Amino acid sequence: FPWLACSTGGTISHLVTEVRKILPLNSGIYAGHEVVVLDVLPSSLKLTDQRQHYRLQTELAASLSIRDGETHECTLLDFSEDSVRIQFAEVTADIMALTEFRHLKLAFNVGADGNGKSYELSGVMYRKTDDRLVMKLQGIYKDGKSVSLGLVDILDIKASLLQHPATQQALETQRDY
């Protein structure tokens, strides 16, 4: 079974095919060569994330503050070494007006009922769709100041997220596919 793969935006699609027949070409510039006719098996389609940094999926309540703007409730959908993806339940004019590289602050608590580790991350708006936004991470707030986001900070955030029930549920869902 040959398979085909195509990469778009860090996602690779895999599709299994089956050789139906092999035909010799008798004329044209490829005369003397053979062509393979394939049947595609649509049920075999799989999408895998092949980005540079692994995205840890979760569903965690958060708030996003826009510099010189408002604070908005949102949901943290995934976290990677260099970015986070969030979703808004309500898209306001303030969110619609966001432009690339606008400074943002994301705050979230990893724990039950607010009893857990709190994080505040600084970054810029990188990309957005209707109700989702990708924030490129630049720093973490420590003692009220934004400092560079280091490897230890990233590992700390990921370790905390991995212990959260929403992240565990997302991991279970991924394993089911």
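Student: Which residue stands opposite Val84 in strand E7?

Tutor: In this predicted model, Phe79 stands opposite Val84. The two residues belong to a hairpin in which three residues join strand E6 to strand E7.

Student: What makes E6 and E7 a pair of strands?

Tutor: Two strands pair if at least two bridges are found between them.

Student: Why is strand E7 described as largely enclosed?

Tutor: Strand E7 comprises residues 83-87, and four of these five residues are buried, so the rest of the structure largely encloses the strand.

Student: Why is Ser83 called buried?

Tutor: The place of Ser83 is in strand E7. Its relative accessibility is 15%, and buried means under 20%, so Ser83 counts as buried. Ser83 touches Asp78, Val134, Met135, Lys136 and Leu137, leaving aside residues up to four places away in sequence.

Student: What makes the link between Ser83 and Asp82 a polar contact?

Tutor: The side chains of Ser83 and Asp82 are joined at 3.4 Å. The limit is 3.5 Å, and residues adjacent in sequence count only if both atoms are side-chain atoms, so a contact between these side chains qualifies.

Student: What joins E10 to strand E11?

Tutor: Four bridges join E10 to E11, and these strands run antiparallel. Lys142 has Lys145 in E11 as its bridge partner. The two strands form a hairpin with two residues between them.

Student: Why is Asp143 called exposed?

Tutor: Its relative accessibility is 84%, and exposed means over 50%, so Asp143 belongs to that class.

Student: Where is Asp68 found, and is it buried or exposed?

Tutor: Asp68 is found in the loop between strand E5, residues 56-66, and E6. Asp68 has a relative accessible area of 76%; this value is over 50%, so the residue is exposed. Although Asp68 is not a glycine, it has a positive phi of about 60°.

Student: How many aromatic pairs are found in the whole structure, and why is the pair called tilted?

Tutor: The search finds one aromatic pair. The ring centres of Phe108 and Tyr119 lie 5.5 Å apart, and their planes meet at 35°. Centres within 6.5 Å make a pair; planes under 30 degrees apart would count as stacked and over 60 as edge-to-face, so an angle of 35° is classed as tilted. Phe108 is in strand E8, residues 103-112, and Tyr119 is in strand E9, residues 115-128, 11 residues apart.

Student: How do you know that Phe108 and Tyr119 are buried?

Tutor: Phe108 has a relative accessible area of 4%, and Tyr119 has a relative accessibility of 5%. Both values are under 20%, so both residues count as buried.

Student: What lies over the face of Tyr141, and what sits over the ring of Tyr126?

Tutor: Lys105 lies over the face of Tyr141, 4.6 Å from the ring centre. The charged end of Lys136 sits over the ring of Tyr126, at 4.4 Å from its centre.

Student: Why is Leu104 called buried, and which residues does it touch?

Tutor: Leu104 lies in strand E8. At 4% relative accessibility, Leu104 falls under the 20% limit, so it counts as buried. Residues up to four places away in sequence aside, Leu104 touches several residues, including Leu64, Ile66, Leu98, Ser122, Val124 and Leu133. Leu104 and Ser122 are 18 residues apart in sequence and 5.9 Å apart in space, C-alpha to C-alpha.

Student: How many helices and strands does the chain contain?

Tutor: The chain has three helices and 11 strands. Of its 177 residues, 33% count as buried.

Conventions:
Residues are numbered from 1 along each chain as its sequence is written. This is a predicted model: local features need pLDDT of at least 70, side-chain atom pairs count only at pLDDT 80 or more; totals for chains, interfaces and linings use all residues. Side-chain values use heavy atoms; hydrogens and water are left out. Buried means under 20% relative accessible area, exposed over 50%, partly exposed in between (1.4 Å probe, protein chains only). Rings of Phe, Tyr and Trp (its six-membered ring) pair if their centres lie within 6.5 Å; planes under 30 degrees apart count as stacked, over 60 as edge-to-face and the rest as tilted. A charge sits over a ring if NZ of Lys or CZ of Arg is within 6 Å of the ring centre and within 35 degrees of the ring normal. A polar contact is a pair of N or O atoms within 3.5 Å; within protein, one must be able to donate a hydrogen and the other to accept it, and residues adjacent in sequence count only if both atoms are side-chain atoms. Contact means heavy atoms within 4.5 Å.
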